[in-house]
Amino acid sequence: MVAIRFIAADGSEQTIDATCGISLMENAIANGIEGIVALCGGNAYCGTCRVHVEPDWRAVTGLVTEMEEPMIEASGDTHPGVRLSCQIEVSPALEGLVVRTPESQE
Amino acid sequence: MSTVQARGCPVHQGRDDRKSARLADANLAPAENARVVGSFAAGREILRSSKVRQAGAGAEMVDLSRPDEISFFFLDGDQHRKRRAAVAGLFAPKTIVTRHRAVMDRTMDSIIASLQERGAAPLDELSWQMAVDVAAEIIGLTESDSNVNLAKRVRAVLDSSVSHNPSMLKKLLFRALMMIRVGRFWKHDLLPVIEARRKEPKDDVISYMVKENYSRKGMIMEALSYGGAGMMTTREFIVMAAWHLFEKPALRERFLSGDEEDQFAILEEILRLEPVASLLHRRAVEKTDSTTRGGAMAEDETVCISIRDANVDEAITGPCPFELDPDRAKRMKVVGPYMSFGDGPHRCPGAQVALHETRVFLDRLLRLPGIRLEAEPDILWNPQIQGYELRGAVVACDQG
Ligand code: HEM
Ligand code: FES
């Protein structure tokens, strides 16, 4: 288990005990993080699981992958730390990770 | 047909609310050599594996050396990813709200006006118009003489392309008839758009095909694949959802008084129980490992993932899997439609589009003064697409 902090657009925070080996999105859904919608269930096809990774963590979570690009582009979200949380696998290296959820996932 | 008790959940004495299950049980025909996978977890793992390829639905007969002539339904790997990426924006939630929603509203205005004038109409005719108009906008079929004629021409090709024609003479006649129908579709619907998009590209599938220099055959195949995948499926789903809602006053009341999220939850739960597509075939190009029971595949093995079984897998549905319970998915923290739109790289791009148009259609229809289901549909089995077809439902409303 690793601790991951989600900060919503209104500033409210929730820290979850995330399970390694599954995606950040799955962990968020399992813990009732409201800012994550995840309509396509983790296939990188809906863009409704977007998170904004805090600057210090971007090197650890990595860059947007080719799989993620089309839906991020279609969402119009140009935040420099944007990622699809369904494409981030939780690992011990993410202990203490901080991400923000956008105001809307549409 | 009404709710049956007999096949309900034995432990919890729950209901079996499914209308299509009996017919599917009697008719489903997985490919002969295929191992059937019914577990949700194993099915999902296989569909997401990079070591599997499309199988069934004629996939083995497709000439993969001519990717510009085949629908991306049959492609895999990088070629597939590139094509999906090129059209991904057309299906994004934002595009649905900012662009397709207007088409849905406009179509519904004309469906309602015509229904009120006639007093009654076949439900599958109305749902077909909605499904065609919305998919046509995405594909780019916007230069036809009228949307009603477009719907008729597409229906003539797609509905007849799945009929049985056993004798040789009938086969030849059928082929000739198909060529005429496809020819009409090409001349009246596809060609005018191609010419228009050559001059001025837009954001639609045909503009992409024009840019990539698809052959005439390739364009027809792709446009009709979208037709089959997006129009025929949505037509059936709208009628099925309407049937459930007409039959269950409390559910209808909840649908009409609920917010969009709750309306989607109801529709997704109906789709879980009544998936329009039932079987997905995949072949492993190399051995796959798995921690899920039934998820590992031997090299060259073909599996048939049963969407119907996966959707009622108690490991993921919780108890009473055959009961229509719109709160289930949220409670179980699963995506609402379960496996009904497939999973992995080929997961239906039109899933959200289909749910939105069904919601808009039913929300408007069910609010009409005097609306009633005058005749229930007959539920038929289409062996070619391995799915149900609902024909003969008639809706009526106050004339005015
Ligand atoms: C209730 C309605 C619908 C259902 C149940 C449905 C179901 C499915 C399923 C199960 C697949 C996966 C096939 C596979 O894995 O082999 C699929 C793929 C597809 N669907 Fe849908 N669909 C619906 C509506 C739509 C709509 C509205 C469109 C477009 C306007 C659409 C376009 C497609 C396309 C193009 C594919 C092929 C994707 C690929 O191979 O990558 N579908 N659909
Ligand atoms: S869950 Fe759909 S893109 Fe991540």
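## Contacts along chain A

In chain A, take the contacts (heavy atoms within 4.5 Å) with a separation of 6 or more: residues 24 or more positions apart account for 63% of them. Keep in mind that this is a predicted model, where local features need pLDDT of at least 70, side-chain atom pairs count only at pLDDT 80 or more, and totals for chains, interfaces and linings use all residues. Residues are numbered from 1 along each chain as its sequence is written, chains are lettered from A and ligands numbered from 1 in the order in which they are written, and side-chain values use heavy atoms, with hydrogens and water left out.

## Layout and shape of chain A

The C-alpha trace of chain A spans about 35 × 30 × 25 Å along its principal axes.

How much of chain A is buried? Of its 106 residues, 48% count as buried, meaning under 20% relative accessible area, with exposed over 50% and partly exposed in between (1.4 Å probe, protein chains only).

## Nonpolar cores

A nonpolar core is a set of buried Ala, Val, Leu, Ile, Met, Phe, Trp, Tyr and Cys residues joined through side-chain atoms within 4.5 Å. The largest has 90 residues, and Leu190(B), Phe361(B) and Leu365(B) touch the most other members. Helix α9 (residues 216-247) of chain B gives the most to this core, with 16 residues. There's also a second, separate core of 27 residues, which includes Val2(A), Ile7(A), Leu84(A) and Ile88(A).

Back to Phe361(B): leaving aside neighbours within four places in sequence, its contacts include Met108(B), Ile111(B), Leu123(B) and Ile238(B).

## A look at Val60(A)

Val60(A) sits in helix α2 (residues 58-61) of chain A. Is Val60(A) buried or partly exposed? Its relative accessibility is 42%, so Val60(A) counts as partly exposed. Not counting residues up to four places away in sequence, Val60(A) touches Ala93(A) and Leu94(A). The C-alpha atoms of Val60(A) and Ala9(A) are separated by 23 Å, with the two residues 51 apart along the chain.

Terms used. Helices (H or I, at least four residues) and strands (E, at least two) are DSSP runs, numbered from the N terminus.
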